[in-house]
Amino acid sequence: VQLQASGGGSVQAGGSLRLSCAASGHTFSSYGMGWFRQAPGKEREFVARISGSGVVTSYSDSVKGRFTISRDNAKNTVYLQMNSLKPEDTAVYYCAASGSYTSSENVYHSWGQGTLVTVSS
């Protein structure tokens, strides 16, 4: 599966952004999808995941209550709604596809190109 992330940009603290990740192929609903991020000088980290059906989701503690992951299988797209953004959310955000519902980065086999989110104070 090929993934194309979009929606990044610059926003002030407290603002919102919605990231999108469009997938190619006809079996999108069979993939668990995840969002990860990598801040400057830091390792990539898990942000959120969603099951193939979209029923089950989970989040890292740092974004829980502020970010919402969702998917539209008819459009082959997964979203990350980010509210109450903080400067520490500044990072390149990546979407990824996995054959299972997991937060383990190593299990994801397909990655988007990344989209930059910059949050200013």
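A disulfide is counted here as a pair of cysteine sulfur atoms within 2.5 Å, and by this rule there is one disulfide. The model is predicted, so to speak of local features pLDDT must be at least 70, side-chain atom pairs count only at pLDDT 80 or more, and totals for chains, interfaces and linings use all residues. Residues are numbered from 1 along each chain as its sequence is written, and side-chain values use heavy atoms, with hydrogens and water left out.

**The disulfide**

- Cys21 and Cys95 are joined at an S to S distance of 2.1 Å, and their link is right-handed, with 65° about the S-S bond.
- Distant parts of the chain are linked here, 74 residues apart: Cys21 sits in strand β3 (residues 17–23) and Cys95 in strand β9 (residues 91–98); strands are DSSP runs of E, at least two residues, numbered from the N terminus.
- Cys21 and Cys95 are both buried (buried is under 20% relative accessible area, exposed over 50%, partly exposed in between, with a 1.4 Å probe and protein chains only).

**Salt bridges**

- The whole structure holds five salt bridges, each a side-chain nitrogen of Lys or Arg within 4 Å of a carboxyl oxygen of Asp or Glu.
- Asp89 pairs with Arg66, with the closest N and O atoms 2.7 Å apart, and both residues are buried.
- Salt bridges with shared partners join Arg37, Glu45, Arg66 and Asp89 into one network.
- Glu105 bridges to Arg44 at 2.9 Å between the closest N and O atoms; Glu105 is partly exposed at 28%, and Arg44 is partly exposed at 27%.
- Asp61 meets Lys64 at 3.3 Å, N to O, and Asp61 is exposed, at 67% relative accessible area.

Note on methods. Helices (H or I, at least four residues) and strands (E, at least two) are DSSP runs, numbered from the N terminus.
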